[in-house]
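Trainee: Could we go through this structure together? I would like to know where to begin.

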Amino acid sequence: MARFIIRRLLQMVGVVFILSLLLFLWLRSLPGGTVSAILGERATPETREALTRALGLDEPIWVQYFKFLQRAAEGNFGASTRVLPGADALDIFLTRLPATIELSFFALALAVAIAIPLGYISAKRANSPVDSGLVILSLVGVAVPVFFLAFFLQYQFAVEHNWLPVSGRQDSLGCTRVTNFFVLDGLLTRELDCTASALKHLVLPSLALATIPFAVIYRITRASVLEVLSEDYVRTAEAKGLTARVVRGRHVMRNALLPVVTTIGLQTGGLLAGAVLTEKVFNWGGIGNALADAFQYRDYSVLQVLILAAAMIYVVINLLVDISYAVIDPRVRTR
Amino acid sequence: MTLKRTAPLVLLTAAALSISACAESQRDDSGTGGNGSSDVKDTITFGAAGAPELFDPLYATDGETFRVTRQIHSGLLGIKPGTADVEPELAESWEPSEDGLSWTFKLRQGVTFSDGEPFNAEAVCYNLDRMYNQEGAGQTAAEYWTYFFGSFSDDPEGSLYKSCEAQDESTAVINVTRTTSSFPTILTLDSFSIQSPKALEEGDANNVQAEGEGFTYPEYSKNPVGIGPYKLESYDEANKTVTLVANESYYGEQPKTAKLVFKIIPDESTRRQELQAGSIDGYDLPNPVDWQGLEDAGNKVEVRPAFNILYMGLNPERNPKLQDLKVRQAIAHALNREQMVQSQLPEGATVASQFMPEAVSGYDESLEPYPYDPEKAKSLLKEAGAEGMTLKFAFPTEVSRPYMPDPQKIHAAFVKDLEAAGFTVEQVSKPWNGGYLDDVSANGAYDAWLLGWTGDYNAADNFLGTFFSNLKSNDFHTSVMPWGKTLAEDLKKADAVVDEDERATTYQDINRRIAEEYLPGIPISHSPPALVTSGKVDGLVASPLTAEEFDTVTVGK
Amino acid sequence: MTPANPMKRRKDRIDALAETSAAGGGTTVLEAGSIDDKPGVSLIASAWQRLRRNPVFLLGASITLVFVVLALISPFIAPHDPAANLLIDQVRPQSNPVPGPQPGFPLGADDAGRDLLSRLLVGSQQTLIVGVFATLFGLAGGLTLGITAGAFGGWVDALVMRIVDVLLSIPSLLLAFSIAAIAARPSQITVIIAVAAVQVPVFARLLRGSMLAQRGSDHVLAARALGVNQRAIVFRHMIPNSLGPVIVQSTLVLAISIIDAAALSFLGLGNPNDRQPEWGQMLGRAQKYIYDNPQLAVYPALCIIVVALGFTLMGESLREALDPKSRR
């Protein structure tokens, strides 16, 4: 096991390293770039040249990459040019990360809370109209473009009815920031109105972001429960005359949830990508939004950090899932 | 079934509502305090399209930053609300010497910075010298100085600024190296605001460093000290809000609303939703297609006078056929600018006859735009022997400018017109930040393109000079045209004319020649940008320079 | 090549599991190791038996059929030229940005005065083209990588899979944006390539997983024992038997491609030329009219939702039918 983990970790370092190189070359091969993004219409050949020189963009690309590696080794990933000028790119990532985690957590929680019971019901009544209806419903969620759904929710619940806030993470109440997890911060500092405001702001974006993980978790729950239901030990348990509740809790769900847990883990990585659109519509100050901004303004330092970090998160999650699977499932644990 | 599906959502909402209910009761007493009068709110919330870069305006470059710094800083000269005209601000009056190279500013007295430091002639000179003496990365970061003053103390030849003397407490004399219509008007620009010398010193304000591919700014840029109706309270990056509060030491009247919050909402449709939902009181640059809907919903759309120009640039170097005036005139006749303006630009937009808007002195009112006449275009093209000539015509994506709300649509309309007149159009597009501007300026990669300009201040040079003064390298490549040199020289001469009326006549003459003899590009339109506020907002005066001030604004409950 | 090595088998198992992640945010969870239980005609035949009776499949198939037929005949039934600015003289950005329904124009026009109904009808064509070609390109790329990795194993496998890992580690939309943005001239083709590129690593992993599972399976071992050469094993046994999940995935990718193309347009990176309408582009560009003239966004959105749903329903029921576990 240890050897396996070490190997995967080494591979991970390799992947991130290759990615950083590809990313660096790729971003700089894109037309345009930082200089024209900063200067806009005001650019003259002279200012353009001066800025290119000041930013060190006139040096050969391999020198630039080497310098980038050197700085990165010192933990310095460069300063942002447009997303938050002057701020350290890594700091931007760290301030924005809690927002995305918060949103993803609530979206995932919502998806799980709805998907598992529905998946169970579907499996129990497999091939009934209820089942077909639920299957179709879950797929409708997948078929709706996320940004359209987000607009729809925003319009219905925030503009037409004014029940929930339109966008952002919190009203400007002058809340104290501790961890940048706004819900948590409010509880820590006992500013309950801050937590309430943060929760209200979370509802719509979580809903929009939850549709796809919901569909996936629902499907896997349904399939998994179906499989377990036909296992001998369930039949035995039923035959023994155990109550439906005991059978469900002790025999069916416990065994059926293994693959579900894995899937939930894997969905976390996917949420990051989905967050780009949701965060944009809801003006959510998270990674996805920063990513879109950084791309629009060709803010290379920020882009690099965000993508590398996202990649690392993804790789780590994959690794954790693999390990947990190996640990949990005795059939995989051959030694 | 449905209950189960929605249960978690209901629970979440219920939890949020109940917590907020008890929280509201907690804070109730603090809400109505402050201003005394109970029919107005104590906070204005304005939807900004982007985050401020920093709060030291010397290093700032974009409108969203200036919108904030304008409220917390003042310059020697100000802009009369609702116009593009200069008015006194920190300087009460100013006068040039005979030769126009030395300007004496009489300063307002009894003014202090928000840190309590006194404002005087020394502070003025300290600030100008600080700008002039930028070094290293600071020079590149101080983009507006480079653009308007030329260069820094290490290259005094190129600089418009020469020196500053504090004659006495309230008299500052600024010496310049040449006469230009731009000085002292450029002192109205926010970048050249006067900031507290002590705070600049203590905050190590000039310590700009290039790090990686960006700049890092010193502490001062986050803790600005200036003279303005407001001062910075906080910039909550995590929640994307900037909060300003009234500056009690401000020399003028206290702002009518004590707190000013800028909520950063990059997406335009989201800004609109926020306004509809009542969570912001106004925002800048609503899309023209929304104006009607916004007004119908009880909001106020303030239309600013157009202070911009959209043009189609032409590059006679890349496509030698464009060196023939007849071909350029054929393009001008081919474009149905009237229809484009009516169907795509807001009410109040006009077809342009020259490369600057009407409000600028030097505008020639007698000029008429080339009329839409496809037949004439065809025959001109025939005369030039260029029928079916190919035109590589570009537009930018991922962008919307005040003068160009939807580049793709404008481009599409013109492509049709050009094809109808017998041109073969090669359509090209690139992202605004992704190579379009490089291709237009540095690479000269297109025959024709869409671009425009919004004036910084009221001077013809800010328009015509920007386009054609730099003979060596300008977007229009006038250097390959026989008249290119004359035009550049005449523009420089006109700019140096001291007498205002004489200068205006000179520019009128140049405008006429550009339209009739040169036609380096096709001026398309002037489009009025707007500003929208909820029906409860009073006292916001729209500025053609988008330099609104918020201290006179009240928001009803 | 030692299928008996438990460590190796464990890794394969993990890899097979990783297929779920390869679908990244999509809807596919494939039990890649399970297809080979009963290969051959009987599986397909019995699958068809069950599909014919499955209402979910029938619904998906009929939607798809209607869509494809519409795409083929739409140019002939559209009342107007979808590119003609027929009502442009009515368009006034403030008072009348989008001409409403009127005689001859049952759904009104768009913001450039073009007949909305005709654009929706003809839009089905380009939408189908985007979906089909993006899927084909993604599949072709994935097949090449996946088969190479799965067939040879060893260091080839390791190398290819690391490349795939790198591709997968970039958030899919960002990958698509970057590719769309890198093109000097954005067009329908760059949109297709961008959307397809996201699917390449997905298909590659899927193929590899499926082939890995087969490499240790009885019929491949039997073939090898009989002395059939490597090439024949790959092409006669492994590829054909890996196609089940690929077909399922392709159906799903058709839907994802159409939705992703819309997202690209929404972010301003779609095909800038709108003379030939496409639903994703229509929806992406209607963003600013979404409040006062929602019909511009809602109609193409509904079309996309219905068609994507059709493909997804079909894909999901296909998958279920092909999964031997559900044959009970």
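Mentor: Let us begin with domains, whose bounds come from an automatic or database domain assignment. For chain A, the assignment gives domain 1, residues 2–74, and domain 2, residues 94–328. This is a predicted model, in which local features need pLDDT of at least 70 and side-chain atom pairs count only at pLDDT 80 or more, while totals for chains, interfaces and linings use all residues. Residues are numbered from 1 along each chain as its sequence is written, and chains are lettered from A and ligands numbered from 1 in the order in which they are written.

Trainee: What separates the centres of domain 1 and domain 2 of chain A?

Mentor: Taken over C-alpha atoms, the centres of domain 1 and domain 2 of chain A are 33 Å apart. Their contact (C-beta atoms, placed from the backbone, within 7 Å) takes 14 residues from domain 1 and 12 residues from domain 2.

Trainee: Which elements supply the side of domain 1 of chain A that touches domain 2?

Mentor: H1 and H2 of chain A each supply at least two residues to that side of domain 1. H1(A) gives the largest share, 10 residues. By class, that side of domain 1 has 9 nonpolar residues, 4 polar and 1 charged. Here nonpolar means Ala, Val, Leu, Ile, Met, Phe, Trp, Tyr, Cys and Pro, charged means Asp, Glu, Lys and Arg, and the others, Gly among them, are polar.

Trainee: How many helices and strands does chain A have?

Mentor: Chain A has 13 helices and 0 strands; these are DSSP runs numbered from the N terminus, H or I of at least four residues for helices and E of at least two for strands. The C-alpha trace of chain A spans about 85 × 55 × 40 Å along its principal axes.

Trainee: Where in chain A is confidence lowest, and where is it highest?

Mentor: The pLDDT is the predictor's confidence in each residue, from 0 to 100. In chain A, H11(A) is lowest with a mean of 75, and H5(A) is highest at 90. Chain A as a whole averages 83, with 94% of its residues scoring at least 70.

Trainee: And what does chain B average?

Mentor: Chain B averages a pLDDT of 88, and 93% of its residues score at least 70. However, the pLDDT is below 50 over residues 1–36 of chain B, a stretch that has 35 contacts in the model beyond near neighbours in sequence.

Trainee: How many residues of chain A are in contact with chain B?

Mentor: The contact brings 68 residues of chain A together with 65 residues of chain B. Several helices of chain A give two or more residues to this side, among them H2 (34–39), H3 (45–54) and H13 (300–328). H9(A) gives the largest share, 9 residues. By class, this side of chain A has 33 nonpolar, 25 polar and 10 charged residues.

Trainee: New topic: at what angle do H1(A) and H4(A) pack?

Mentor: Helix H1 (residues 2–29) and helix H4 (residues 61–73) of chain A pack at about 135°, with axes 11 Å apart. Axes are lines fitted to C-alpha atoms, for helices over the stretch in contact, and angles run from 0 to 180 degrees between N-to-C directions. H1(A) and H4(A) are therefore oblique to each other; angles under 35 degrees count as roughly parallel, over 145 as roughly antiparallel, 65 to 115 as roughly perpendicular and the rest as oblique.

Trainee: Which residues of H1(A) and H4(A) make the contact?

Mentor: H1(A) contributes A:Leu21, A:Phe24, A:Leu25 and A:Arg28, while H4(A) contributes A:Ile61, A:Tyr65 and A:Phe68. Of these, 6 are nonpolar, none is polar and 1 is charged.

Trainee: What about H9(C) and H11(C): how do their axes cross?

Mentor: The axes of H9 (residues 230–266) and H11 (residues 295–322) of chain C come within 9 Å and cross at roughly 165°. H9(C) is therefore roughly antiparallel to H11(C). Their contact includes C:Gly244 and C:Ile247 of H9(C), and C:Ile304 and C:Val307 of H11(C). The contact residues divide into 15 nonpolar, 4 polar and 1 charged.

Trainee: Last one: which residues does a cis peptide bond join?

Mentor: B:Phe183 and B:Pro184 are joined by a cis peptide bond, with omega about 5°. B:Pro184 lies in the loop between strand E7 (171–176) and helix H6 (197–202) of chain B. In chain A, A:Asn162 is not a glycine, yet has a positive phi of about 60°; A:Asn162 is in the loop between H7 and helix H8 (182–188) of chain A.

How values were computed
Contact = placed C-beta atoms within 7 Å.
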